[in-house]
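Subject: Handover of the two-chain model

Dear colleague,

I am passing on the structure below, followed by notes on what was found in it. Please read the notes alongside the coordinates.

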Amino acid sequence: MTIRVGEAEHAPSFQKAALPLLEDAQLRRNVRHATDVIQRKRGIVVHETEDWQELRTAGSAIKAHTLRYLDQYLLQFEEACTAAGGYVHWAGDADEANRIIVDLVKQYSGSEVIKIKTMTSEEIGLNEALEQAGIRAHETDLAEVINQLGGDTSSHIVAPALHKNRSQVREIFRERMNLPGLSDDPEALTAAARHYLREKFLRVKIGVSGANFLVAEAGSVCIVESEGNGRMCLTLPEVLISIAGIEKVIPRMRDMEVFLQLLPRSATGERMNPYNSLWTGVRAGDGPQHFHVVLLDNGRTGILADPESRQTLQCIRCGACLNTCPVYRQTGGHAYGSNYSGPIGAIVTPQLLQMRQAQSLPFASTLCGACYEVCPVKINIPEVLIHLRGRVVREQKSALDPEALAMKTAAAIFTSRRRFEAAQRLGRIAQWPMVSHGWMRNLPGLLGNWTRVRDLRALPKQTFREWWKKRAKHAPNTPASAPLRAARKLSEDIGRD
Amino acid sequence: MRVSLFITCYNDTLFPATGQAVVRLLERLGHTVEFEPEQTCCGQMHYNTGYQREAMPLMRRFVDIYKDAEAICIPSSSCVAMIRDHYPKMAAESADPGLIRTVDALLPRVYELTELLVKRLGVEDVGAYFPHRVTYHASCHSQRSLHLGDLPLRLLRNVRGIDLVDLPNIDRCCGFGGTFAIKMGDISAAMLADKMKDVENTGAEVITAVDTSCLMHIFGGLHRQRGGVRMAHIAEILAPTESDAAEGARA
């Protein structure tokens, strides 16, 4: 098995990857601005939806049910899709999926493909695999065009070039499209992209897409998008190859009622996507005449096997958790080491990689819960993060790791009153060389990460429990269950202290 | 009412004034406060950092100490969240039917301080006096785990003399996140910078919250800059009365 998630296995740890990003003032401003705009739009269309919480519950329930019977629904999809004239391929891992797609392109004598934005293809590194086979992949989603021409990678699962602003886009287009006079007016930029893409839409005979939903009962595939470039890729080529993670299946066409309300509102703050494409197999004289679906595992069944975290597979890739995440807000998506960024990336990537790589990602969160609150299918991301942290600690950490030692020592202290009180007293003495005017500004070891940007007040002369003990001594006749009068007397005493 | 105070390990060690204020406040309202010195830590730091095995005995310890308490008051929403959100799961994993039952029976008696005041004791005006400009930071656990809503603000609005100002972006995390502040120090610092700007823009002299832990982080950053803002747990605002102030002036 060669499970791959973009370049995640070679990526530096989250905290390391974040450093240059934190230095990039332009990127940080772009990320703040873009996520604020999307969140504001989302807020409006979510609040106007009276049954939003019920929709979330329904979305979560449909997905959980589907995952429970995933094998059956996938087989049902295969049967219905095949009956409608499509071909279904099963890929165990990234390499197998890439091999299937490369072979199909060769089978249809293609040397180029046009692509709709698909995170799944970025997960398996499809463009690189095609390139190695001498096949050129042209991205057609505007943001993907920007990234492809700019030699950049996705920083957001819905808006992959969210980290770039329009003057940066202009520079890329000027250079790569040879348009020296191009302005940064959005209409001019879009017109340039349209001109660049039209020629490819009309020329290239093979399209590659992802999938938002696979409808089991009908064998249909659904893609929602905003630009219409996807619609071009889905209708103009002679051959269409769609790659989809096995978790993308939903049982019935009527389930779309729920997801087509949840997804656009959560993803782009729209009531409905401008383009909703839904197709079933092939139809003579209309659209692609050869249709293939590649169903991808690439670590997903491993996630399914873990009852604590299988909810991860409910994700419909809306990106709402990225937009609301206070950590993503600071770093943008590139710190997460693969095309899956933000809170969902922090749980998807390490799990797909069977927790052998990307082990810093579950720790890239304050567990603030904002992601869970906005998730349209109620994935309890903080709960999954905590579970994965546990797996990292149990499966990966050496017992001699300084953090593990500190945690074990702390646990030993907390399990005994005597040790706890001794540690409190010891701390008060040991802090002495580091205290200046009641504050600590430069602590050693791991705690130095605290005092790099924050002061810490010195441990007080008296802990709470010492205060309590002393106070009880002064009022020895006040038993715990004393009547009200005694309690009031006591409180007056403290008032005078 | 007999209220058992679970002070939390860090308030006990670092911020005794929080606990003293809780005791004063509850006794002033006519309740009896008990403090069981066997208490240590709820296990949150271990659990959330991935040391779930190490958190288990701390959970058992908490349950043993408080299983017969009438009401348990905890002046920290993240510790309450630890208990409410994770103890049932930990108990289930222990497969000990006695423990599962005890935890189930115990949970409804666990209260964060402002919950205890408003929901259990039915008080919104505690008769406090605090003549300062204050802004309230809604910690993440208080908002999204305990769903406190405006409970703390209702209590604060009834404080005499207070000049309460809204904190912009109140729903955004301050970047503390327990061990996150250490493990992901640079990102935590960036988040803190945003929060400090918001606090400074309010012109408040005091920042308050139901969690001293977030305050230790926000105030720690402000203090490094000599920011002229101080921290106070909400209990420290709800405890003092006008007669205290008069006595203070005489002394």
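A residue is called buried if 20 or more other C-beta atoms lie within 10 Å of its own, exposed if 12 or fewer do, and partly exposed in between, with the C-beta atoms placed from the backbone. By that rule Met253(A) counts as partly exposed, because it has 16 C-beta neighbours inside 10 Å.

Two remarks on conventions come before the rest. This is a predicted model, in which local features need pLDDT of at least 70 and side-chain atom pairs count only at pLDDT 80 or more, while totals for chains, interfaces and linings use all residues. Residues are numbered from 1 along each chain as its sequence is written, and chains are lettered from A and ligands numbered from 1 in the order in which they are written.

To stay with Met253(A) for a moment, this residue sits in the loop between strand E8 (249–250) and H12 of chain A; helices (H or I, at least four residues) and strands (E, at least two) are DSSP runs, numbered from the N terminus. Leaving aside neighbours within four places in sequence, Met253(A) is in contact with Val215(A), Glu217(A) and Ala218(A), where contact means that the C-beta atoms of two residues, placed from the backbone, lie within 7 Å. Between Met253(A) and Gly219(A) the C-alpha to C-alpha distance is 9.7 Å, although the two are 34 residues apart in sequence.

Chain A has 23 helices and 13 strands, and its C-alpha trace spans about 95 × 55 × 50 Å along the principal axes. Of its 497 residues, 49% are buried, and among its contacts between residues at least 6 apart in sequence, 73% join residues at least 24 apart.

Chain B has 14 helices and eight strands, with a C-alpha trace that spans about 55 × 45 × 30 Å along its principal axes. Buried residues account for 58% of its 251 residues, and 78% of the contacts between residues at least 6 apart in sequence join residues at least 24 apart. The radius of gyration of chain B, 18 Å, agrees with the value near 18 Å that a compact globule of 251 residues would have; the radius is taken over C-alpha atoms, and the globule rule is 2.2 Å times the number of residues to the power 0.38.

Not counting residues up to four places away in sequence, Ile218(B) touches several residues, including His137(B), Cys174(B), Leu192(B) and Lys195(B).

The contact between the chains takes 58 residues from chain B and 56 residues from chain A. On the side of chain B that touches chain A, helix H11 (residues 185–202) gives the most, with seven residues. That side divides into 23 nonpolar, 20 polar and 15 charged residues, with Ala, Val, Leu, Ile, Met, Phe, Trp, Tyr, Cys and Pro counted as nonpolar, Asp, Glu, Lys and Arg as charged, and the others, Gly among them, as polar.

Helix packing in chain A

Helix H3 (residues 52–68) and helix H12 (residues 256–267) of chain A pack at an angle of about 120°, with their axes 9 Å apart; axes are lines fitted to C-alpha atoms, for helices over the stretch in contact, and angles run from 0 to 180 degrees between N-to-C directions. The contact is made by Leu55(A), Ala58(A), Gly59(A) and Ile62(A) of H3(A) with Val258(A), Phe259(A), Gln261(A) and Leu262(A) of H12(A), and these divide into six nonpolar, two polar and no charged residues.

Helix H19 (residues 402–414) and helix H20 (residues 417–430) of chain A pack at about 115°, with their axes 6 Å apart. Here Ala412(A), Ile413(A) and Phe414(A) in H19(A) meet Arg419(A), Phe420(A) and Ala423(A) in H20(A).

Backbone points to check

Most residues other than glycine have a negative phi. Lys378(A), however, has a positive phi near 55°, and lies in the loop between helix H17 (370–374) and helix H18 (381–396) of chain A. Ala95(B) also has a positive phi, of about 55°, and is exposed, with 8 other C-beta atoms within 10 Å.

Best regards
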